[in-house]
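Please walk through the charged and aromatic side-chain contacts of the protein shown below. The text starts with one pair and then widens to the whole chain.

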Amino acid sequence: MSGCNPDKEDEQRGSTGCKMELLSEEEVAVAELDWEAAKAAYESLASTKRPRPPKPQNAITIAVSSRALFDMVEERKIYEEQGVEKYVEYQQANENVTLKPGPAFALVKAVELVNARLRELYPDDEELFDIVLMTNNHAQVGVRLINSINHYGLLIERFCMTGGKSPIGYLKAYLTNLYLSADSEKVQEAIEEGIAAATLFTGNKNVPYDDKQLRVAFDGDAVLFSDESEIIVKEHGLDRFFEHEKLNENKPLAQGPLKGFLEDLGRVQKKFYAKNERLDSPIRTYLVTARSAASSGARVLKTLRSWGVQIDEALFLAGAPKGPVLAKIRPHIFFDDQMFHIEGARQLGTIAAHVPYGIGQKYHKSKLKDSPAKN
């Protein structure tokens, strides 16, 4: 398992070890008893064809909001224009009308494919991805969400519906590794609580996604790494930045909010490598950075090496637009901290996830007002 820092902003980023440190010995013991009881009850249902959800303490938990999982633009419009009662009434009247896929849908499907492969190779392993629906929707809306999830055959068993209240306080209780939402304010709350999180934006074009491999692309600075180097660029310019990176080439960058999730992906990849399936791995990771390789790339690669983290492909663009490269990769999700990269990716069809972290956020405040409707 990856290491865990005691600092608040590091405590929840990415490992089972970190998860267990968040619980007291008594809470761990109670959780173990609860899990064994739930496991026995589930396995007593011999006729069920659905795989049993993984043990939360061992799972890589991705919490998604209802507006991230499904397209609920029209429903949100009713809520904003007519109020909550009309919204709930509409949802109940249409609970047998299947919701259309939202920006997180393709990612969820790809993650479930990885789980299916893991179950084939490691039938008793509990270290699987677990998708949790985390929404401030009212429970009365739950039937439509459940019906839509079952329509698509999604394996989502854990829900958190908070009836209009923010669900952020439940993220740690659900041992969340990554939170994806259409609400930038909730995402900011999660980041401030030390939980990896991002605001999802739908691509402006329909593009086909690989249905046999989960592809995840990351920006570097202020996403995988801290914003240390980005601060120098913003405050002192590129020449000072290049000098700084050369001088500190052998000093690893501090971690950013998505480092833990990259570690989670890498840990799962190694399970496939151990079965001699490196060339057929259902996970592929990408670093897509505006850095240039010759002048500032070595520190990035040495930092990843010092973490014991492998990245499958590293693309140094030296300031060139990221959209065309991402259109070639066709990732299920691309994480970046800068809105102009998010917009460029969206224009060419990439589902982009904005990570509100680091100095760059003060330059984007006006653009964040254009984020998707809250869920």
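**A buried charged pair and its surroundings**

Glu-127 and Arg-267 are both buried, where buried means under 20% relative accessible area, exposed means over 50%, and partly exposed lies in between (1.4 Å probe, protein chains only). The model is a predicted one, in which local features need pLDDT of at least 70 and side-chain atom pairs count only at pLDDT 80 or more, while totals for chains, interfaces and linings use all residues. Residues are numbered from 1 along each chain as its sequence is written, and side-chain values use heavy atoms, with hydrogens and water left out.

Glu-127 and Arg-267 form a salt bridge whose closest N and O atoms are 2.5 Å apart; the term stands for a side-chain nitrogen of Lys or Arg within 4 Å of a carboxyl oxygen of Asp or Glu. This pair links distant parts of the chain, with Glu-127 in the loop between H6 and S4 and Arg-267 in helix H11 (residues 259-273), 140 residues apart. Helices (H or I, at least four residues) and strands (E, at least two) are DSSP runs, numbered from the N terminus. Glu-127 and Arg-267 also belong to a network of salt bridges that links them with Asp-125, Asp-264 and Lys-271. Lys-271 in turn lies over the face of Tyr-122, at 5.5 Å from the ring centre. For such a placement, NZ of Lys or CZ of Arg must be within 6 Å of the ring centre and within 35 degrees of the ring normal. Arg-278 is placed likewise over the face of Tyr-273, at 3.8 Å from the ring centre.

The structure holds 25 salt bridges. One of them joins the side chains of Glu-126 and Arg-52, at 3.0 Å from N to O. Here too, distant parts of the chain are linked: Glu-126 is in the loop between helix H6 (105-121) and strand S4 (129-135), and Arg-52 is in the loop between helix H2 (25-44) and strand S1 (60-64), 74 residues apart. Glu-126 is buried at a relative accessible area of 13%, whereas Arg-52 is partly exposed at 21%.

Another salt bridge brings together the side chains of Arg-284 and Glu-313 (2.9 Å, N to O). Arg-284 lies in strand S9 (residues 283-289) and Glu-313 in strand S10 (residues 313-316), so this pair ties together parts that are 29 residues apart in sequence. Arg-284 counts as partly exposed, at 28% relative accessibility, and Glu-313 counts as partly exposed at 29%.

Next come the aromatic rings. A search of the whole structure finds seven aromatic pairs. Rings of Phe, Tyr and Trp (its six-membered ring) pair if their centres lie within 6.5 Å; planes under 30 degrees apart count as stacked, over 60 as edge-to-face and the rest as tilted. Tyr-79 and Tyr-87 form an edge-to-face pair, 5.6 Å centre to centre with 80° between the planes. Tyr-79 is partly exposed at 33% relative accessibility, while Tyr-87 is buried at 8%. Phe-70, Phe-105 and Tyr-152 make up one aromatic cluster.

For the chain as a whole, the secondary structure comes to 15 helices and twelve strands. Of its 375 residues, 54% are buried. Among contacts (heavy atoms within 4.5 Å) with a separation of 6 or more, 75% are between residues 24 or more positions apart.
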